[in-house]
Amino acid sequence: VVSDYYAQMPDHLDQAWQQLTPDYQTNHAGGYDAFEEFWDPVTSVRATNVTTTGPRTAQATITYHFDDGRVVTEKTRYTLTADWKIAATTVLSSTGG
C-alpha cells in the first residue's frame, strides 16, 4: 500500500488520493486543493525500506526531491485500515530541507 501510494506521485494525484481515508483526506491533507499544493513543488519521491510493523502498520523511508533542489528524507509510520487505505501517518524523523 505504501509503496503503491508513492509510486503514484507526483504525476497521478487522483489515484493516490483514493488510497487515503476520507478522514485523512480532510483532517491531515486538508482537502484536495491543499494536497495538490503540497505535491506541486515535488519533482520526484521514493519510498524505500518499507516494512510491516504490525497487523495494520508499516514504516518507510520517504525521500522527496523538490524543484528548488532540496532533498528531504523522512522516516514515517503508517496506520492502515482493513480495506488497505492510509488512515494516519507519523513522521518519526526528518533530515534535509
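Partly exposed means a relative accessible area between the buried limit, under 20%, and the exposed limit, over 50%. R70 has 31% relative accessibility, so R70 counts as partly exposed. This is a predicted model. R70 takes part in a salt bridge with D68 and in a contact with the ring of F66.

**Charged contacts around R70**
- The structure holds one salt bridge.
- D68 and R70 form a salt bridge, with the closest N and O atoms 2.9 Å apart.
- D68 counts as exposed because its relative accessibility is 51%, and the cut-off is over 50%.
- The charged end of R70 also sits over the ring of F66, 4.1 Å from the ring centre.

**Aromatic pairs**
- A search of the whole structure finds ten aromatic pairs.
- W17 and F35 form a tilted pair, with 4.9 Å centre to centre and 55 degrees between the planes.
- This pair links distant parts of the chain: W17 lies in helix α2 (residues 13–17) and F35 in helix α4 (residues 32–39), 18 residues apart.
- W17 and F35 are both buried.
- F66, the residue under the charged end of R70, belongs to a cluster linked by ring pairs.
- Y5, Y6, F38, W39, Y64 and Y78 are in this cluster with F66.

**The β3–β4 hairpin**
- Strands β3 (residues 71–80) and β4 (residues 86–96) run antiparallel and are joined by nine bridges.
- T73 has T95 in β4 as its bridge partner.
- Five residues lie between the strands of this hairpin, and W84 takes a positive phi near 60 degrees.

Key
Residues are numbered from 1 along each chain as its sequence is written. This is a predicted model: local features need pLDDT of at least 70, side-chain atom pairs count only at pLDDT 80 or more; totals for chains, interfaces and linings use all residues. Side-chain values use heavy atoms; hydrogens and water are left out. Two strands pair if DSSP finds at least two bridges between them. Helices (H or I, at least four residues) and strands (E, at least two) are DSSP runs, numbered from the N terminus. Rings of Phe, Tyr and Trp (its six-membered ring) pair if their centres lie within 6.5 Å; planes under 30 degrees apart count as stacked, over 60 as edge-to-face and the rest as tilted. Buried means under 20% relative accessible area, exposed over 50%, partly exposed in between (1.4 Å probe, protein chains only). A charge sits over a ring if NZ of Lys or CZ of Arg is within 6 Å of the ring centre and within 35 degrees of the ring normal. A salt bridge is a side-chain nitrogen of Lys or Arg within 4 Å of a carboxyl oxygen of Asp or Glu.
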